[in-house]
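Keep the viewer open while you read.

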Amino acid sequence: MNLSVYFKKFFNNSQSSGIILIFCVLISLLIANSSAGEGFQHFLDNEIGIGLFHLKYPVSIWINDGLMAVFFLLVGLEIKREMVEGELSSFKNASLPIFAAIGGMVVPAAIYSIFNAGTAYANGWGIPMATDIAFSLAIISMLGSKIPNSIKIFLAALAIVDDLGAILVIAIFYTEQIHWTYLFLSFGVTALLFLLNFLKVTKIIFYIIPGLFLWYFLHHSGIHSTIAGVLLAFSIPTNASNVEISPLEKLEHTLHFPVSFLIMPIFALTNTNIAFNKGMIEGLTSTLGLGIIGGLIIGKLIGINLFSLIAIKFKLSSLPQNSSWTQMIGVGFLAGIGFTMSIFIALLSFKGEIEIQDHAKFAILIASFLAAFLGYLILNLGSKKKEVIEN
């Protein structure tokens, strides 16, 4: 096979981005635990940018708050398109991810609090509430066509609601100060974006420029700035027609390749560089470790499926099209991939307490790997079982 044809086939395969992401995680862990680890961390801590406009930040901040806003923009575009013309276009389908996400936040936080109430770790209750949307979507993408598109959309919508909930938790309980002037400016730019949509402005550039200001104002307000990507996405005009390509669909198509094969791998490479030490193993059996692992694996599974079941039983929602409860269980596990957002909350929960932070990081890493493995296994086995029944 011609080399160029091979690469084209690889990059057009929906499973490829997940494979690259996992490869980057392994490389990152190897670097962190080698002689290059200190130099790599120094690079991530190095500040770049323009100080004049208060835009001089460490490389890691540019990646987590800047590049990931583009990732959230793409996912937001996909969610909006599905709400207008796809799997989430009915209220029953669109409401299920919301109920599931609420359960996926409340139950993990409760499990963590049961283990850690009254201890020095009590403030970390927000750690198991988060779902790492990038990693969870990467794992499910590796299953390709074995999983119905409705389940992938459900997970994406659930993860976005979950992340928005985590951002609110951070803003209310873990942020030391909200800069209200910047926050009100963010509201103003958001209103302008939706006004442009109302006026039927279709040129993407008229949305991108205010979107950059929205990111700037949110970042300086104290709120996690990746929410700017979601707000911008929901303001981009689209239509319910399959004939005419909308501005939203054009932007979605443009962003797909760089997000999947550049932004997400960079994100994985720079956010899983965790250096191991002996105390981390002991930390897994502490109430901190048990609360995090129990919350992310058991809490997410129970919370998402219990709240989904209640919503369906009361006829407020319905299962995603062509899906099963086995697949919902698989999604419940995948949502337990906490990684970066959970680590971020852990750092805020235990500021200056390096040893506790390290124990929390390792527990999050172990829980995320277990959640990814169990979620992938159940979804894969569920798809094979369905194939056997159909045949």
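First, some housekeeping. This is a predicted model, so to speak of local features pLDDT must be at least 70, and side-chain atom pairs count only at pLDDT 80 or more, while totals for chains, interfaces and linings use all residues. Residues are numbered from 1 along each chain as its sequence is written, and side-chain values use heavy atoms, with hydrogens and water left out.

**Overall build**

The protein has 16 helices and 2 strands; helices (H or I, at least four residues) and strands (E, at least two) are DSSP runs, numbered from the N terminus. Its radius of gyration is 21 Å, which agrees with the value near 21 Å for a compact globule of 391 residues. That radius is taken over C-alpha atoms, and the globule rule is 2.2 Å times the number of residues to the power 0.38. Along the principal axes, the C-alpha trace spans about 65 × 60 × 55 Å.

Of the 391 residues, 52% are buried, meaning under 20% relative accessible area, with exposed being over 50% and partly exposed in between (1.4 Å probe, protein chains only). Take the contacts (heavy atoms within 4.5 Å) between residues at least 6 apart in sequence: 80% of them join residues at least 24 apart.

**A kinked helix and a loop residue**

Now find helix α13, residues 287-313. It has a kink of about 40 degrees centred on Gly-299; the bend at a residue is the angle between axes fitted to the seven residues ending there and the seven starting there. After α13 comes Lys-315, with a positive phi near 60 degrees.

Val-201 sits in the loop between α8 (180-198) and α9 (205-221). Its relative accessible area is 21%, so Val-201 is partly exposed. Setting aside neighbours within four places in sequence, Val-201 has contacts with Leu-196, Phe-206, Tyr-207 and Pro-237. Phe-350 is another story: 149 residues from Val-201 in sequence and 46 Å away in space, C-alpha to C-alpha.

**Empty spaces**

Rolling a probe the size of a water molecule over the atoms shows where empty space is left. Here the search runs on a 1 Å grid over the protein atoms alone: a cavity is a set of points where a 1.4 Å probe fits but cannot get out, a pocket is an open set with protein on both sides within 12 Å along at least five of seven lines, and lining residues have an atom within 4 Å of a point. Grid points are joined across faces, edges and corners, and a volume is the space filled by probe spheres set on the points.

| Space | Volume | Lining by class |
|---|---|---|
| Largest pocket | about 1300 Å³ | 22 nonpolar, 19 polar, 8 charged residues |
| Second largest pocket | about 690 Å³ | 12 nonpolar, 9 polar, 6 charged residues |
| Largest cavity | about 60 Å³ | 6 nonpolar, 3 polar, 1 charged residues |

In these classes, Ala, Val, Leu, Ile, Met, Phe, Trp, Tyr, Cys and Pro count as nonpolar, Asp, Glu, Lys and Arg as charged, and the others, Gly among them, as polar.

The second largest pocket has 27 lining residues, and the closest to its centre are Leu-74, Glu-78, Ser-141, His-256 and Ser-260. Which helix gives the most to this lining? That's α11, with 10 residues.
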